[in-house]
Amino acid sequence: MKEVIILGVGMTKFGISKLSMKEMFAEAAMDALSESNLEAKNMEALFVGNVLGDFEESQINIAPFLAAEIGMRVEAPATRFENACASATVAIRHAVLMVASGIYDLVIAGGTERTAIMGTPLATKTFAMGSHSEYERFTGITFPGVFGMVAHQYAAKYDIPLDVLKQSMAATAVKNHRNGTLNPLAHFRKEITLETVLGSAMIAHPLQLFDCCPFSDGAAAVIIANASKYKGRIAKPVFVIGSGQATAGPLYRQKDLTRMVAREAAIKCAYDQAGIGPADVDVCELHDCFTIAEIVASEALGFFEFGEGAAAVDRGDTSLGGRIPINPSGGLKAKGHPIGATGAAQVYEIVKQLRGECGERQVKDARVGVVDTLGGDFSTVCNLVLRRQ
């Protein structure tokens, strides 16, 4: 297999956008190409994550339109990936595999999404389509409901009083909003307090409004390349040294909601491929769609023992300057969550961290970073391990 590097990354500001999905992706792609000292006509393929384009802009089959928008050649195939919130990470992983196998030397990958234009009722309905249509959705389950159950199970399983766990969950939100103030591309750039979180509206017990990430618009793009041919083109190439993707099926088949079996399988594959363990990781961008989601993910990725993730937040272990900084970008919670683009934005942040280009939110001496993205109700997880040269 060939060594694979990331040459360049680009990302729009997340939030509420007046630009179309194609315009946002073009903006991110041009930045990624500029960093790579390449042009769109050099790209051999495009892989893009997009989940709800048909509901957002009545647009399916978006990939070839994106390729044309940025000026790619007719000979270059363009393909859309849909794995719910993990779509862009899965697209990037497949780009990495295609370059590693020698089929292509240069691929542009990423994602674009405009969820906010749907409004809350339609966005909530369409997000719930990530659940099993015959056996789950008719019960009225939504993702806040799923993660509310995770919080209750976590508290009961590890004998943590629910009001104590809610304090740790609130501290997770405060941390990520603080990080978001340091990220000029974040959806929310305002600090909050524990009182803000614990005094906000109840959404799905015990999750309150500030335990939940927002609906966001945005796009991000990544240039994946054969290291042997393109490593010398830029000053700071970042290597993709491991990847993993796993599939767990519908939620009703999973017995313990606090242990996502797909995540544990995917990260083991990624660590084994990279030849590292969790102790070697310096920075992580993980899927914090809800505050309890960050706590359970930090355990499954091996950073803490099971049942210890909440206490780790309280100790500051996951803060900037802590033992393993998690979501220095602000995460989905503050940076935002345009679902089809979320994974590409996580890769953007880790690449910038490994290059030492993150200013006030820079993790000191970051050498190895992990990307973790969850798709649907625990059914897909995709992980990437990146390392600076």
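The axes of helix α1 (residues 21–36) and helix α3 (residues 62–70) come within 9 Å and cross at roughly 50°, where axes are lines fitted to C-alpha atoms, for helices over the stretch in contact, and angles run from 0 to 180 degrees between N-to-C directions. This is a predicted model, in which local features need pLDDT of at least 70 and side-chain atom pairs count only at pLDDT 80 or more, while totals for chains, interfaces and linings use all residues. Residues are numbered from 1 along each chain as its sequence is written, and side-chain values use heavy atoms, with hydrogens and water left out.

**Helix packing**

- Helices α1 and α3 are oblique to each other, a class left over once angles under 35 degrees are called roughly parallel, over 145 roughly antiparallel and 65 to 115 roughly perpendicular; helices here are DSSP runs (H or I) of at least four residues and strands are runs (E) of at least two, numbered from the N terminus.
- The crossing of α1 past α3 is right-handed, meaning that the near helix is turned clockwise from the far one by less than a right angle.
- On the α1 side, Met21, Lys22, Phe25, Ala26, Ala29 and Met30 meet Ile62, Phe65, Leu66, Glu69 and Ile70 of α3, contact being heavy atoms within 4.5 Å.
- The residues of this contact of α1 with α3 divide into nine nonpolar, no polar and two charged, with Ala, Val, Leu, Ile, Met, Phe, Trp, Tyr, Cys and Pro counted as nonpolar, Asp, Glu, Lys and Arg as charged, and the others, Gly among them, as polar.

- The whole structure holds 17 salt bridges, each a side-chain nitrogen of Lys or Arg within 4 Å of a carboxyl oxygen of Asp or Glu.
- Lys229 and Asp105 form one of them, at 2.7 Å from N to O; Lys229 lies in helix α9 (residues 227–230) and Asp105 in the loop between α4 (87–100) and β4 (106–114), so the pair ties together parts that are 124 residues apart in sequence.
- In that pair Lys229 is exposed, at 55% relative accessible area, whereas Asp105 is buried, at 14% (buried is under 20%, exposed over 50%, partly exposed in between, with a 1.4 Å probe and protein chains only).
- Glu294 and Lys175 are joined at 2.9 Å, N to O, linking helix α11 (residues 291–300) with helix α7 (residues 162–180) across 119 residues.
- Glu294 is buried at 1% relative accessible area, and Lys175 is buried at 2%.

**A salt-bridge network**

- Salt bridges link Glu35, Lys236, Lys352, Arg355 and Glu357 in a network.
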